[in-house]
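Trainee: Hi! Could you walk me through the charged pairs in this one?
Mentor: Happy to. Let's bring it up.

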Amino acid sequence: MPTAISQTVNFDVSVDRAYRAIADSDEHSAFTGAPAEIPTEPGGAFTTHGGAIEGLMLEMSANQRIVQAWRPADWPQGEYSVVRYEFEGDDTNVQITLTHTGLPEEGAAHIAEGWEQQYWNPLGEYFSKA
């Protein structure tokens, strides 16, 4: 049965800076240390982590929300989960709430850990250097 995870993180950067780190190819590549190709408009395909993660950008509301049809490249073709980032804050701090739904139950814990290790920890380090 599919399952969901939810994580909330806070950073001492502007909402705009946090949004760009997730939504901009160059910024995303810089904080993850791996190539990313992210379209600037909804409807386009994206890849992150050098192609290990792929999907479609379903919604992009600047500084507010990103919604993706998301999948590891090794999942069966056509199988997707949904990732939703919600951004709240101001010019000095941001709260990002991630909701990831439609995950296979047996892989949810691994993916939850991956968000911490592959996104939130490197993102915090990236922001601290800027």
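**Salt bridges**

Trainee: How many salt bridges does the structure hold?
Mentor: There are seven salt bridges in the structure. A salt bridge here is a side-chain nitrogen of Lys or Arg within 4 Å of a carboxyl oxygen of Asp or Glu. This is a predicted model, where local features need pLDDT of at least 70 and side-chain atom pairs pLDDT 80 or more, while totals for chains, interfaces and linings use all residues. Residues are numbered from 1 along each chain as its sequence is written, and side-chain values use heavy atoms, leaving out hydrogens and water.

Trainee: Which residue does Asp16 form a salt bridge with?
Mentor: Its partner is Arg20, with the closest N and O atoms 3.0 Å apart. Helices (H or I, at least four residues) and strands (E, at least two) are DSSP runs, numbered from the N terminus.

Trainee: What network is Asp16 linked in?
Mentor: A network of salt bridges links Asp16, Arg17, Arg20 and Glu27.

Trainee: New topic: what does Glu86 pair with?
Mentor: Glu86 forms a salt bridge with Arg65, closest N and O atoms 3.1 Å apart. That pair links distant parts of the chain, 21 residues apart: Glu86 is in strand E5 (residues 81-89) and Arg65 in strand E4 (residues 65-72). Glu86 also meets Arg84 in a salt bridge, at 2.6 Å from N to O.
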